[in-house]
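Try each task before reading its solution.

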Amino acid sequence: MAKDQIGLAVIGSGRLGTLRASLAAAHPSVGFVAVSDAEQHRADILAQRTGADLATSDNLAAITHDAVDAVFVSTPENDHRTAIIQALEAGKPVLVEKPLALALDDADAVIEAAARTGTELRVAYSRRHERCWMLTKEQILQGRLGTIIGIQSRVYNSRAQFLEILKRTDEASAVNDVLTYYVDLACWYLEGIRPVEVVARANSKVFAGLGYDTADVTWAIITFENGAVVNLGVCYALPAKYPSMGQSSRFEILGDEGVILLDADNKDSMLYTDNGAPHNYVPDHNMNILFMQTTSAADYAVGDYWGAVANETRSWIDHLMTGRDIPHTTPAEARRTLALTLAIEESARTGNAIALDV
């Protein structure tokens, strides 16, 4: 941006907004931070915590402030559209939390605004920014797997954490909130190859019994135009005290000349304590046993944040300052992922195979 320092606005003062603002405030290239939330007291608390220069309940005021050069949109998914378009029309680059939207019409409106204004938009699929997933992409780029012929992945977590997600937005599902990460990864690893069909099945007992219209378990098969078959599954209905602090996953990539097997359950990083450890997502939910590296976003340790969202945020700010290339998900990639997750849910609901045109 041809400046020594930049100003950032963080729209939404919830869990991820708090993390983005904390990381931004600590970055040496950031000289101004504005935070916003529909509830003024939440913005005030975040400003006190991070030393932000402005706290407001008016998103537009934060976005259009003269000292703000770029914007993080960290609102609930169903509120992304307005804040993103406001920032793009103000000529300020945006990094928005995944998914880009919950409906294709909203995604298309945002993408149109980015194209019309010529302003940069990226979507925060933070799994890309963990070391193992980034190294996997590098091996694929180096041609060490040959042609990818299949991918298999599954991700697990506890019902306690998913109930917290449902409190944030009752439109959330394990597919559009969690499996979306692994759809993004699969398409990133199969970059340039078009998905053509989705078949999915789901089952619900736990959440249906609690009054929610969302599946406990969803499994999908995505076929790509070159014949590659991708099998993705998610279950966020494991018992409340299951020791994951976020996403416990496995991901296997099968090529005709090589294979990569990723075990990200992190059962090799286990803590047991008689004293109890607080869950970093679920309030008042102490755990005696936990897998320490399963936190999906970032962990606070030894005075700083470490992990995917920390890497992603710092990389985005560095990009704004230097213009260097970054692997952050593009709007077109995010729209394709949204179309795929919507097709997975439609197939699971109807029992039909869904043809894709993405």
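A residue counts as buried under 20% relative accessible area and as exposed over 50%, with partly exposed in between. Keep in mind that this is a predicted model.

**Exercise 1. Two loop residues**

Task: Find the loops that hold Asn266 and Val302, and decide whether each residue is buried or exposed.

Solution: 
- Step 1. Locate Asn266. This residue lies in the loop between strand S12 (259–264) and strand S13 (270–278).
- Step 2. Phi of Asn266 is near 60°, a positive value in a residue other than glycine.
- Step 3. Apply the cut-off. Asn266 has a relative accessible area of 14%, so it is buried.
- Step 4. Locate Val302. Its loop runs between strand S15 (299–301) and strand S16 (304–306).
- Step 5. Val302 is not a glycine, yet its phi is positive, about 50°.
- Step 6. Apply the cut-off again. Val302 has 83% relative accessibility, so it counts as exposed.

**Exercise 2. Strand S2 and its partners**

Task: Describe how strand S2 pairs with S1 and with S3, and state the handedness of the crossovers.

Solution: 
- Step 1. Start with S1 (residues 6–11). S1 and S2 pair in the parallel sense over six bridges.
- Step 2. Pick one bridge. Leu8 has Val33 in S2 as its bridge partner.
- Step 3. Turn to S3 (residues 54–56). Its pairing with S2 is also parallel, over three bridges.
- Step 4. Pick a residue pair. Ser36 stands opposite Thr56 in S3.
- Step 5. Follow the chain. From S2 the chain crosses through helix H2 (residues 40–50) to S3, again as a right-handed β-α-β crossover.
- Step 6. Six of its seven residues are buried, so S2 is largely enclosed by the rest of the structure.

**Exercise 3. Helices H4 and H5**

Task: Work out how H4 and H5 are oriented to each other, and say what covers the buried residues of H4.

Solution: 
- Step 1. Know what to look for. Two packed helices are described by the angle between their axes and the distance between the axes.
- Step 2. Read both values. The axes of H4 (residues 80–89) and H5 come within 9 Å and cross at roughly 5°.
- Step 3. Compare with the cut-off. Angles under 35 degrees count as roughly parallel. H4 and H5 are therefore roughly parallel to each other.
- Step 4. Look at the contact. On the H4 side are Arg81, Ile84, Ile85, Leu88 and Glu89, and their partners in H5 include Asp105, Ala109 and Val110.
- Step 5. Sort the residues of this contact. Seven are nonpolar, one is polar and five are charged.
- Step 6. List the buried residues of H4. They are His80, Ala83, Ile84, Ile85, Ala87 and Leu88.
- Step 7. Find their cover. It includes S1, helix H3 (59–64), strand S4 (70–73), S5, H5 and strand S6 (121–124).

**Exercise 4. A cis peptide bond**

Task: Which peptide bond is cis, the one from Lys98 to Pro99 being the place to look, and where is Pro99 found?

Solution: 
- Step 1. Read omega. From Lys98 to Pro99 the value is near -15°, and the bond is cis.
- Step 2. Pro99 is found in the loop between strand S5 (94–97) and helix H5 (104–117).

Notes: Residues are numbered from 1 along each chain as its sequence is written. This is a predicted model: local features need pLDDT of at least 70, side-chain atom pairs count only at pLDDT 80 or more; totals for chains, interfaces and linings use all residues. Side-chain values use heavy atoms; hydrogens and water are left out. Buried means under 20% relative accessible area, exposed over 50%, partly exposed in between (1.4 Å probe, protein chains only). Helices (H or I, at least four residues) and strands (E, at least two) are DSSP runs, numbered from the N terminus. Two strands pair if DSSP finds at least two bridges between them. A crossover is right-handed if, with the strands pointing away from the viewer, the path from the first strand over the helix to the second runs clockwise. Axes are lines fitted to C-alpha atoms, for helices over the stretch in contact, and angles run from 0 to 180 degrees between N-to-C directions. Angles under 35 degrees count as roughly parallel, over 145 as roughly antiparallel, 65 to 115 as roughly perpendicular and the rest as oblique. Contact means heavy atoms within 4.5 Å. Ala, Val, Leu, Ile, Met, Phe, Trp, Tyr, Cys and Pro count as nonpolar, Asp, Glu, Lys and Arg as charged, and the others, Gly among them, as polar.
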